[in-house]
Amino acid sequence: MPAGPGLGERRSAAERQPLLARGRPRPRWRRTAAAAVLLVEMLERSAFFGVSANLVLYLNSANFNWAGQQASRAALVFLGASYLLAPVGGWLADVYLGRYLAVALSLLLYFAASSLLPITAFSDGRSSFCGDVPAARLGPACHHQGCPPASPSPYCAPTLYTALLLLALAASSVRTNLTSFGADQVLDLGRNATQRFFNWFYWSINLGAVLSLLVVAFVQQNISFLLGYSIVVGCVGLAFFTFLFATPVFITKPPMGSQVSSMLKLALQNCCPQLCRRRSARDPQGAQLLPDQRRPQPGPSPQEDMANFQVLVKLLPVMVTLVPYWMVYFQMQSTYVLQGLHLHIPNIFQASPANISTTLHALPNNYTIPQAWLLLANVAVVLILIPVKDHLLDPFLLRHNVLPSALRKMVLGMFFGFTSVIVAGILEMERLQYIHHNETVPQQIGQDMYYAAPLSIGWQIPQYLLIGISEIFASIPGLEFAYSEAPRAMKGAVMGIFFCLSGVGSLLGSGLVALLTLPRGWLHCPEDFGNINNCRMDLYFFLLAGIQAATALLFLWISHRYERVVQNPTSQQQASRDRG
């Protein structure tokens with residue numbers, strides 16, 4: 001469909017004439033635009049991880065006194081919503097805004113919502129938005145039946161959940177549209193360029209995570225959350241101005257309309273044909289008209305709608321069976337964090353090494369290692385393995401014609417996710433052995449006291465390494481699969497569905513936590529006042545491992561059927577026409 005007289009048409013005309021006239025090679029111009037997208041993504045991810053990495057610790061602190069399960073659930077809701085809302089941003093971009101404006105406006109919303117977090121980090125701001133702070137203190141685990149119950153309504157929940165949901169909406173819109181927007185910059189440089197873009201896009205995500213964890217997480221845990229969240233706001237502002245500054249080099253496209261309504265109508269026709277016949281009977285005049293006789297409307301033809309619907313029906317089972325992997329993946333930023341707070345966290349600068357076996361005091365010049373730094377094990381694996389995979393492993397396998405498909409890589413990623421949560425469960429079993437023998441170490445994290453097992457937090461490194469390896473083989477090939485297999489007119493929608501299903505995995509994990517916190521549940525320990533020493537989180541980890549193992553087998557069967565259908569010559573010809 002020809003573009004209107006908007007920004008997309010002006011940019012494409014400029015691309016055909018002035019760039020060549022100025023002697024600038026087109027591939028270099030495209031790589032400059034892609035590099036700008038990667039920089040914006042790095043800054044946005046720095047902000048996102050700055051919010052999520054220590055969110056459990058922030059809500060569990062003396063400022064709010066949320067129980068451990070409440071804080072973990074809020075983190076899972078935030079992470080899930082940041083993916084679940086992805087189709088909203090994609091739909092707005094397709095129908096009204098275009099991807100460029102959608103990213104720009106989402107960054108503005110990001111900036112406004114992130115500003116609420118430093119406001120709640122100091123007493124006057126909390127008083128203005130949340131009211132008076134209730135008097136509640138963390139204490140040791142309670143072992144008798146007369147313990148007072150935990151507060152059913154966490155302090156400042158409406159304000160914090162509003163800020164987190166607005167942040168989730170902005171982050172999901174940026175993620176959905178910036179991913180496709182960046183791939184558009186290198187689309188006509190060949191499929192290999194698109195694959196490499198996704199590799200380096202994911203690399204920039206993790207580089208942003210490193211900067212956030214090394215700086216923001218340390219500041220939040222050892223100096224103040226006010227300064228830490230102020231850095232988050234600064235990262236979002238810098239990302240917004242970087243995006244605006246790079247506008248002249250971007251390839252932008254106008255909104256092309258949404259196929260959501262067409263897909264829903266086709267789904268309704270296939271699922272409920274009787275209902276559609278009744279509707280046609282009520283509108284006989286419109287039903288009797290052939291497609292060519294009806295008023296022409298912009299967008300794909302009914303034949304293209306049907307072809308795209310058939311492709312979507314094939315893609316959805318593959319993406320849906322990846323949901324349990326996301327349930328496992330998001331434990332890294334929720335229950336793994338909660339587990340780490342109850343392990344021995346050593347000090348970076350120890351003033352009196354002889355005394356650390358009995359107590360851990362946070363002296364003015366004696367900083368504890370931020371628990372969120374354990375995420376660096378995951379991030380380091382990704383940062384190291386992506387260049388190795390891009391420059392060495394993939395070319396070697398391609399030369400020998402043994403490069404596995406994206407779907408087979410995703411199965412391997414599920415296996416590493418399964419082993420990660422198994423290792424976490426074994427570690428939790430060992431931690432609880434110390435707790436049951438009353439071998440605890442009081443340690444002060446920021447302003448709060450935790451009663452931890454005398455096991456080093458370094459024992460969590462293997463589970464973070466394994467989840468990092470799983471990202472290489474599940475998440476990156478998943479992005480590539482969603483973008484490359486989607487029809488040309490539905491790339492934004494399919495990417496939105498991919499991220500949305502990631503959020504479904506996080507929310508299912510949150511729902512499972514909520515279910516297990518009911519009376520007699522494995523995570524029901526209201527007498528702990530923010531600690532988890534009377535919970536059975538090890539059984540929760542093993543349950544996740546069982547779910548992941550079962551769905552991995554189902555994914556293997558579905559992906560085998562999908563590849564067999566795609567390899568059909570008739571399907572290949574149809575797919576090539578659909579993808580343009």
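Predicted model: local features only at pLDDT ≥ 70, side-chain atom pairs only at ≥ 80, totals over all residues.
Among the contacts in the protein between residues at least 6 apart in sequence, 82% join residues that are at least 24 apart.

**Helix α6 and its contact with α9**

- Two packed helices are described by the angle between their axes and by the distance between the axes.
- For α6 and helix α9, which spans residues 157–185, the angle is about 130° and the axes are 7 Å apart.
- The two helices α6 and α9 are therefore oblique to each other, since an angle has to be over 145 degrees to count as roughly antiparallel.
- Sorted by class, the residues in the contact of α6 with α9 are 19 nonpolar, 9 polar and 2 charged.

**Helix α6 and its contact with α11**

- The axes of α6 and helix α11, the latter made of residues 225–245, come within 9 Å and cross at roughly 160°.
- The helices α6 and α11 are therefore roughly antiparallel to each other, and α6 passes α11 in a left-handed crossing.
- On the α6 side the contact is made by Tyr100, Val103, Ala104, Leu107, Leu108, Tyr110, Phe111 and Ser114, while α11 contributes Val232, Val233, Val236, Gly237, Ala239, Phe240, Phe243 and Leu244.
- By class, this contact of α6 with α11 has 14 nonpolar and 2 polar residues, with no charged residues.

**Ala104, a residue in the α6–α11 contact**

- Ala104 is placed in helix α6, which runs over residues 86–114, and Ala104 is one of the residues through which α6 makes its contact with α11.
- Is Ala104 buried or exposed? Its relative accessibility is 7%, so Ala104 counts as buried, the cut-off for that class being under 20%.
- Leaving aside residues up to four places away in sequence, Ala104 touches Phe240 and Phe243, and both of these phenylalanines are among the α11 residues that make the contact with α6.
- The C-alpha atom of Ala104 is separated by 9.3 Å from that of Phe241, although the two residues are 137 residues apart along the chain.

- Asn438 lies in the loop between α19, residues 406–436, and β2, residues 441–445.
- Asn438 has a positive phi of about 55°, although it is not a glycine, and with a relative accessible area of 60% Asn438 is exposed.

**Aromatic pairs**

- How many aromatic pairs does the structure hold? The structure holds 28 aromatic pairs, among them Trp326 with Phe498 and Phe481 with Tyr562.
- The rings of Trp326 and Phe498 have their centres 6.1 Å apart and their planes at 85°, so this pair is edge-to-face.
- Because Trp326 lies in helix α16, residues 323–329, and Phe498 in helix α21, residues 491–516, the pair ties together parts that are 172 residues apart in sequence.
- Trp326 counts as buried at 4% relative accessibility, and Phe498 is likewise buried, with a relative accessible area of 4%.
- The rings of Phe481 and Tyr562 have their centres 5.5 Å apart and their planes at 70°, so this pair too is edge-to-face.
- Phe481 belongs to helix α20, residues 461–485, and Tyr562 to helix α22, residues 537–566, so that the pair links distant parts of the chain, 81 residues apart.
- Phe481 counts as buried at 4% relative accessibility, and Tyr562 counts as buried at 9%.
- One aromatic cluster is formed by Tyr325, Trp326, Tyr329, Phe330, Phe498 and Phe499, and Trp326 and Phe498, whose rings make the edge-to-face pair described above, are both members of that cluster.

Key: Residues numbered from 1 in each chain as written. Heavy atoms only, no water. Helix = DSSP H or I, 4+ residues; strand = E, 2+ residues; numbered from the N terminus. Buried < 20%, exposed > 50% of the residue type's maximum accessible area, 1.4 Å probe, protein only. Contact = heavy atoms within 4.5 Å. Axes fitted to C-alpha atoms, helices over the stretch in contact; angles between N-to-C directions. Parallel < 35°, antiparallel > 145°, perpendicular 65-115°, else oblique. Left-handed = near helix turned anticlockwise from the far one by under 90°. Nonpolar A, V, L, I, M, F, W, Y, C, P; charged D, E, K, R; others polar. Phe/Tyr/Trp six-rings, centres within 6.5 Å; stacked < 30°, edge-to-face > 60°.
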